[in-house]
Amino acid sequence: MKKFFSVKLWRTLTVVTATLLALMLTLMNVANIKFSAIRSFLGGETSKIIKGDAAGEDTEYFKVLHTGDALQKYLEDVCRSLEAEGIVLLRNDSVDGVPALPLAKGSKVSLFGQGSVAFNYSTTGSSNTGTSRYPSLKDAFTDLSLNEELWNFYLTGAASSYRRSYSITKGYLINEAPWSVYESSSVTNSFAAYGDAAIYVVSRDSGEGKDLSTVGSDGLDGSYLSLSAQEKEVLQKLTALRSGGTFKKIIVLLNSAVPIQLDFLFDPSITVDAALWVGNVGSTGAYAINDVLVGTVVPSGKLSDVYARDNFSSPAMAAWSANDGKSFSRQYTNAADYPQFSKDTQTVYAVYAEGIYVGYRYYETRYADAVTGQANVGSFNYDDVVAFPFGYGLSYSEFWYSGYSVKEEADKFIVSVNVLNAGAYDAKEAVQIYLQKPYTAYDRANKVEKSAIELVGFKKVSLKSGEDKTVTIEIDKSVLRTYDAYGKGTYILENGDYYLTAGRDAHDALNNVLAAGGAPVSGDPANVFKWTVSGIPGDGVDAETFAFSKVNPEVRIVNQFDSADMNRYSGRGSNSVTYVSRNNWTGTWPTNTIAFAITPQMVTDITSHKPLIEDGSVMPKYGVDNGLTIAMLRGLAYDDPIWDDLLDQMSFGDQSLLITNGQHNTVVLDSVGKPATIDENGPNGVTHSTTGISFPSEGIWASTFNLELLYETGAAFAEDAIAAGITGLYAPGVNLHRVPFGGRAHEYFSEDPFLMGMCAAVETQGMQSRGVWTYIKHYAVNDEETNRAGVAIWLNEQELREIVLLPFEYVCRPDMGNAHAMMTSFNRIGCIWTSGSSPLMEKVLRDEWGFDGFTITDMASANAQTFMVFDDGIANGTDCYDGAGSETALNSYSSSAMFANKMRESCHRILYVTANYSAIMNGISSADRVVKILTWWQILVYALVAAAAVLTAVSAALYAVSILRSRKKEQTAPAA
Amino acid sequence: MEFSSFFDFKQKNKASLILGVAALIAGIAALIIFQASKSAEFTKQMIETYRQDIYVTAALIAGIVLCGAGLVFDLKIVKYFGFIAYLFAFLNYIVFEVDYLGSIFSSIDPTEITADFVAMLVLLAAATVLALISGITAAETAAAAKKEA
């Protein structure tokens with residue numbers, strides 16, 4: 001007993017157990033705060049279903065068609081098909097009278113470039129997937145014989161230390177091995193034996209959070225997207241070896257989601273016989289490259305972006321170039337006068353000075369104006385700046401078009417064209433229909449811009465060699481509309497000639513139209529249909545036909561974004577911007593920095609926590625027991641009054657938790673029988689997928705021009721998600737390839753809003769067919785990455801509606817993609833955070849487009865918390881926060897009836913979408929109850945806390961007893 | 001009795017005293033820096049939703065008080081509780097900055113480590129370790145003294 005009541009022993013144990021208790025309490029704290037993030041890693045059921053009597057009720061609301069090994073095979077096949085149809089053949093010159101591609105099976109080839117062994121499958125950020133198990137080119141090129149010595153030279157030999165890199169301080173670097181490294185090894189001796197072809201892989205990375213380097217990289221022009229001196233040198237040496245007969249041909253693979261500057265393909269010191277754009281290929285896409293190289297698959301992809309010889313030649317890049325460091329954004333000139341503002345998230349801005357002239361719209365329109373001799377075109381030579389136009393792509397076969405005709409119906413045109421496969425290969429052809437609208441005197445006077453050509457329809461057709469088919473494409477007449485921000489303030493239709501043409505690419509289409517107009521270009525007028533509007537009286541502008549929402553015809557479309565256009569913003573002060581106009585290319589070209597200063601009105605608008613203005617609504621009910629569950633309301637209309645009874649059952653805390661705790665999940669709620677859902681990244685593959693599959697970069701998806709395949713891909717994507725217990729995906733991304741340097745281009749489809757909108761709409765339909773809701777992202781104007789948190793984007797409403805928002809519109813409209821969830825963005829539109837913009841979140845999204853789903857913010861636990869505030873977002877139509885909120889997170893606003901009703905409406909949307917569109921409801925009948933339970937790891941943590949607390953209490957008690965016994969002993973001990 | 005006379009430095013362990021003072025100063029410095037720097041862009045949610053700043057502040061104050069008391073009163077368990085309070089502050093400061101740390105380690109947005117953060121880590125770690133060693137040193141000295149007696 002003496003030793004048992006040792007003061008030292010129990011003091012030590014008390015300290016040790018109390019330390020353990022402190023650790024466990026902290027662990028419990030983390031488990032509570034980061035519940036959803038931890039759950040996405042550890043899993044764990046959050047609810048259980050108490051079955052009721054619902055005999056005969058079919059609760060398999062959504063079906064998956066593949067599971068287990070069949071799912072794995074299905075996904076691998078879809079990925080491979082997607083890549084196979086998306087690969088774009090850019091060049092296929094003849095070598096000794098025979099096209100360079102396809103190669104004969106068994107050809108002995110040498111793979112050059114670090115990209116051959118450090119191949120790009122995926123990227124960083126929300127599209128990050130584990131790629132270590134993906135096949136290397138060596139694994140995938142099963143029909144070719146590879147130069148092993150050269151392979152090892154890159155993998156483990158003298159060139160193994162040369163790899164692409166990214167760091168915050170240095171940005172993106174290419175770091176290719178110079179030719180001297182080759183010469184210093186024996187690898188050059190291996191070339192002759194593998195000389196059927198030298199295949200050079202040019203790879204470039206991209207990633208979330210940072211745009212690609214425009215300066216400071218080791219590309220020849222200082223950017224990351226031009227060839228480096230070492231890459232150019234190697235290609236020149238290969239050219240010399242080709243001339244000397246060591247190699248028969250040189251083939252380039254462009255392994256990048258972002259457009260590599262292709263001036264080198266036209267450099268006289270370099271010979272490239274064939275070039276393929278393969279993008280980032282996903283998990284099994286490398287096999288498709290093999291298939292294309294040997295002709296098992298005939299390439300049929302068409303470029304989803306224009307490829308330039310000079311990546312800085314667009315007006316958007318001209319504006320970048322005028323900023324310090326050729327950067328996307330800059331500080332307001334007087335930002336230092338406002339120390340209350342964060343320099344990172346409140347005083348950074350960027351201007352979209354290019355207006356609608358994004359991508360090919362610029363190059364083709366200026367070309368048209370140059371050909372037709374318009375004033376102020378300036379010195380512009382199309383071939384100097386464009387390498388390959390939008391929509392371009394060769395085939396091993398050859399297609400002839402004939403019998404082009406257009407039939408007009410009330411709301412659409414029906415375009416027909418006969419396509420003959422005149423080549424020797426069975427192949428596919430993407431028929432593309434382009435439109436030219438008239439550029440009128442009214443347009444010039446009212447700053448309305450018109451692209452000289454724009455894609456309005458397409459269809460892919462499969463043809464055996466010698467086969468012909470008549471391809472029919474419907475063109476909705478809404479493509480004729482133009483947004484007139486400065487005149488009528490709505491969509492207009494004008495008197496004039498409208499041309500519909502079938503073109504092999506955008507440039508070919510434009511040449512058809514120009515030829516039809518008598519211009520001296522090599523176009524085919526036979527493939528052009530002219531439709532003339534002449535009956536509009538007065539100024540020749542019809543501001544009625546397209547001025548009403550197609551979904552809600554009572555809603556008149558009017559300017560909503562004057563506050564994002566510095567020239568119309570009421571608080572502009574002396575700030576102004578000159579937008580690029582085809583009326584005066586040289587006079588409107590961005591040459592100087594567009595400098596804005598913060599004005600008093602901007603201070604008010606930038607500042608977070610706008611006043612909550614009561615609207616006369618009354619406080620809703622909370623905690624009423626009506627006995628309803630969301631399963632009972634499945635199938636009922638959104639505005640069915642019974643939804644109010646269900647919402648009455650929720651407590652304020654329930655609503656707060658559902659709205660604020662949306663990080664990769666929506667929470668379980670006993671009160672309304674809502675199970676938790678798990679949501680995951682991302683557009684190129686399911687993070688935490690059980691199959692490990694990822695798909696190619698979205699640009700490759702778009703370059704397939706195959707909507708049926710993209711629907712299938714969406715369905716496959718969803719089945720992969722469901723296999724991992726995930727029923728919501730942060731995808732697809734429909735931001736714009738506005739410039740070549742956008743860091744997240746791999747998650748977005750194209751520079752063309754029509755192509756992107758159509759692709760994303762069918763992907764969404766495919767995903768939702770399996771019960772996985774799609775968070776369309778990032779709404780809106782999040783086309784660049786650097787400084788994305790809080791950067792203010794200034795642009796005019798024509799560009800916003802016609803270029804930036806159109807894909808979102810197509811995906812959201814119930815008659816098109818019918819998406820049920822949307823993710824907003826970190827940036828601002830004008831001074832206002834996008835999620836806090838009522839025009840964006842309510843007037844356009846819901847009133848004009850009829851979006852019936854719910855919206856979530858981008859990651860609300862990152863570096864944007866100071867302006868991604870609950871009151872600004874929820875009061876303006878944001879429904880959920882991708883953060884770690886709580887039942888008390890919205891207590892500060894509980895006294896506002898307006899705010900309380902906004903919260904209630906947000907919950908209504910989330911519950912409605914869950915009830916009707918989520919596979920998580922499979923197995924839950926109207927008679928069942930959903931009950932919240934602790935996950936296994938929560939139980940473990942609570943048990944550890946309890947154990948530590950008990951041990952601490954026992955130790956402390958025994959420590960106290962020991963002290964008392966010790967004192968008693970001292971008192972009773974005889975004096976020495 | 002474990003109480004010693006007030007400010008009877010001769011009978012106290014000098015090493016423990018110095019370490020205790022250092023822990024006290026580190027804790028006070030950490031508290032000052034924390035109050036000055038806590039409202040950063042990454043921590044708004046932690047402050048407004050979870051009041052995590054209060055845990056850190058309270059634990060730091062408790063650590064400071066207990067360290068101070070450990071200097072005044074020769075009650076070794078108080079020194080140890082000073083250590084535990086500092087440890088709790090340290091751990092909860094990590095939790096407080098979890099979004100910031102997540103951003104750094106995920107390397108998505110280019111977030112860099114700030115001087116405030118480094119100073120807090122160093123001071124909290126120092127306060128915790130110093131308080132612990134102060135307690136251990138005091139206990140060992142007392143045991144040696146008892147043995148001598």
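Two conventions come at the outset. Residues are numbered from 1 along each chain as its sequence is written, and chains are lettered from A and ligands numbered from 1 in the order in which they are written. Because the model is predicted, local features need pLDDT of at least 70 and side-chain atom pairs count only at pLDDT 80 or more, while totals for chains, interfaces and linings use all residues; side-chain values use heavy atoms, with hydrogens and water left out.

I begin with the domains of chain A. The assignment gives domain 1 (7–39 + 938–972), domain 2 (88–298), domain 3 (356–553) and domain 4 (629–922), with bounds from an automatic or database domain assignment. Taken over C-alpha atoms, the centres of domain 1 and domain 2 of chain A are 61 Å apart.

I turn now to the cavities. A cavity here is a set of points, on a 1 Å grid over the protein atoms alone, where a 1.4 Å probe fits but cannot get out; lining residues have an atom within 4 Å of a point. Grid points are joined across faces, edges and corners, and the volume is the space filled by probe spheres set on the points. The count comes to six cavities of 30 Å³ or more.

The largest cavity has a volume of about 230 Å³. It is lined by 22 residues, of which E454(A), V479(A), R481(A), E802(A) and L806(A) are the closest to its centre. At least two lining residues come from each of β19 (454–463), α21 (753–768), α22 (797–804) and α23 (806–812) of chain A, and the largest share, four residues, is that of α22(A). Helices (H or I, at least four residues) and strands (E, at least two) are DSSP runs, numbered from the N terminus. By class, this lining has ten nonpolar, four polar and eight charged residues, where Ala, Val, Leu, Ile, Met, Phe, Trp, Tyr, Cys and Pro count as nonpolar, Asp, Glu, Lys and Arg as charged, and the others, Gly among them, as polar.

Of its 20 lining residues, V306(A), R738(A), V739(A), P740(A) and E751(A) are the closest to the centre. The elements that contribute two or more residues to this lining are β12 (307–308) and α9 (315–322) of chain A. Twelve nonpolar, four polar and four charged residues make up the lining of the second largest cavity. This cavity too lies between domain 3 and domain 4 of chain A, because both give residues to its lining.

Next, a strand and a helix. Strand β27 (residues 677–681) of chain A is largely enclosed by the rest of the structure, because five of its five residues are buried. Buried means under 20% relative accessible area, exposed over 50%, and partly exposed in between (1.4 Å probe, protein chains only). Strands pair if DSSP finds at least two bridges between them. β27(A) pairs with strand β26 (residues 665–666) of chain A in the antiparallel sense over two bridges, where N665(A) has I678(A) as its bridge partner. With strand β28 (residues 728–730) of chain A, β27(A) pairs in the parallel sense over three bridges, and D679(A) stands opposite G728(A).

Helix α24 (residues 838–848) of chain A is mostly covered, with eight of its eleven residues buried. Just after α24(A), G850(A) takes a positive phi of about 70°.

Among the aromatic residues, rings of Phe, Tyr and Trp (its six-membered ring) pair if their centres lie within 6.5 Å; planes under 30 degrees apart count as stacked, over 60 as edge-to-face and the rest as tilted. There are 67 such pairs over all chains. Y360(A) and F390(A) are stacked, at 4.4 Å centre to centre and 15° between the planes. They are 30 residues apart, with Y360(A) in helix α10 (residues 360–371) and F390(A) in the loop between β15 (386–388) and β16 (399–408) of chain A. Both Y360(A) and F390(A) are buried.

I close with the backbone. The peptide bond from A731(A) to P732(A) is cis, with omega near -10°, and P732(A) is found in the loop between β28 and α21 of chain A. A cis peptide bond also joins K777(A) and H778(A), with omega about -5°; H778(A) lies in strand β29 (residues 773–779) of chain A.

Technical notes: On a 1 Å grid over the protein atoms alone, a cavity is a set of points where a 1.4 Å probe fits but cannot get out, and a pocket is an open set with protein on both sides within 12 Å along at least five of seven lines; lining residues have an atom within 4 Å of a point.
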